[in-house]
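Here is a briefing on one protein model. Read it alongside the sequence and the 3D view.

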Amino acid sequence: MNTNGDHLPVGTLARITGGVYLAYIMASVLAGVLGSIGLGTVPQISEAILTDPGSFRLGLVIALISGCLFLVVAWGLYVILRSVNRDLALLFLALNGVGVAIQGAAFLSLVSALLQTDAASHMGAYSAAQLEGLAYLSIGVYKAGWVTAQLFFGTWLFPLGYLVYRSGMLPRWLGVLLVLDGVAVMIWFLQALLLPDYPAIRYPGLVVSFIAEVGLGLWLLFKGVKVVRAGPGATGQKRVAAPQAEGTPA
């Protein structure tokens, strides 16, 4: 049986990766619904903390879990695509890992904002106005870190899209969409830092991102990948596009 992992068939790994990818997307959406985490503005996040701190805490936990899920997705895609070009596969894995690390660190500022509203955190020495100002500052630091993470979440899509396009294991149109998704995220990153008062600039890109990433997750989960046989003398950097049915003996 052909495999791209040590003992796990590549088709099985692809379906697991697709399922985890969709779980990551759903977790990200749920974190936004519960606590405005992600796309929420500073006032929206502050209101979520003040009006329903329990819901916000749950959203924060789910957001942290989503980071772990995203790392699993990146690892699965690395194992699947490393035979196309190991160096580029390692590059997108590293970019994803840095993005998740930055985003995870940014979540600590949300913990700080949450503690500032907790009576048990001994913040009574500060006035209500001071506490509000400190909370807004902490949430603003989180937003800056979250936007910074988009630089890495955008750039990882370029080598990923290229490898998907060249692999022969997945449709080429998915590779094109992933590259366009990378462009959209980079536009979003620049808009958030340079033109924060014009969020409408990023809206078309959000549609592209949704189609590309949900499309990849659904394809991996329900279609899997074509297993291809390496030609004589192959080094692992290139593969011969000779699809065969999953589970067929090599």
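Helix H1 covers residues 10–35, 26 residues in total. Its first and last C-alpha atoms are 37 Å apart, close to the expected 38 Å at 1.5 Å a residue. The expected span is 1.5 Å times one less than the number of residues. Helices (H or I, at least four residues) and strands (E, at least two) are DSSP runs, numbered from the N terminus.

This is a predicted model: local features need pLDDT of at least 70, side-chain atom pairs count only at pLDDT 80 or more, and totals for chains, interfaces and linings use all residues. Residues are numbered from 1 along each chain as its sequence is written, and side-chain values use heavy atoms, with hydrogens and water left out.

**Overall make-up**

- The protein has 8 helices and 2 strands. From the N terminus, the order is α-α-α-α-α-α-α-α-β-β.
- Of the 250 residues, 46% are buried. Buried means under 20% relative accessible area, exposed over 50%, and partly exposed in between (1.4 Å probe, protein chains only).
- Take the contacts (heavy atoms within 4.5 Å) between residues at least 6 apart in sequence: 74% of them join residues at least 24 apart.

**After H1**

- Ser36 lies in the loop between H1 and helix H2 (42–51).
- Ser36 is a residue other than glycine.

**Helix H4**

- Ser109 lies in H4. Ser109 counts as buried because its relative accessibility is 14%.
- Beyond its neighbours within four places in sequence, Ser109 contacts Ser138, Val141 and Tyr142.
- Val111 is also found in H4, which spans residues 86–115. Val111 is partly exposed, at 34% relative accessible area.
- Val111 and Ile139 are 28 residues apart in sequence, and their C-alpha atoms are 9.3 Å apart.

**Helices H5 and H6**

- Two packed helices are described by the angle between their axes and the distance between the axes.
- The axes of H5 (residues 128–155) and H6 (residues 157–167) come within 4 Å and cross at roughly 15°. H5 is therefore roughly parallel to H6.
- Axes are lines fitted to C-alpha atoms, for helices over the stretch in contact; angles run from 0 to 180 degrees between N-to-C directions. Under 35 degrees counts as roughly parallel, over 145 as roughly antiparallel, 65 to 115 as roughly perpendicular and the rest as oblique.
- Phe153, Gly154 and Thr155 of H5 meet Leu157, Phe158 and Pro159 of H6. This contact has 4 nonpolar, 2 polar and no charged residues.
- Ala, Val, Leu, Ile, Met, Phe, Trp, Tyr, Cys and Pro count as nonpolar, Asp, Glu, Lys and Arg as charged, and the others, Gly among them, as polar.

**Nonpolar cores**

- A nonpolar core is a set of buried Ala, Val, Leu, Ile, Met, Phe, Trp, Tyr and Cys residues joined through side-chain atoms within 4.5 Å.
- The largest core has 40 residues; Leu81, Phe92, Trp156 and Leu160 touch the most other members. H1, H3 (53–81), H4, H5, H6, H7 (172–194) and H8 (203–222) each give two or more residues to this core.
- Leaving aside neighbours within four places in sequence, Leu160 contacts Leu77, Leu81, Phe92 and Leu178.
- A second, separate core of 23 residues includes Ala48, Phe56, Ala63 and Phe107.

**Helix H8**

- The 20 residues of H8 should span 28 Å at 1.5 Å a residue, and the end C-alpha atoms are 28 Å apart, which agrees.
- Among its buried residues are Gly205, Ser209, Ala212 and Leu220. The buried residues of H8 pack against H1, H3, H6 and H7.
- Just after H8, Gly224 takes a positive phi of about 70°.
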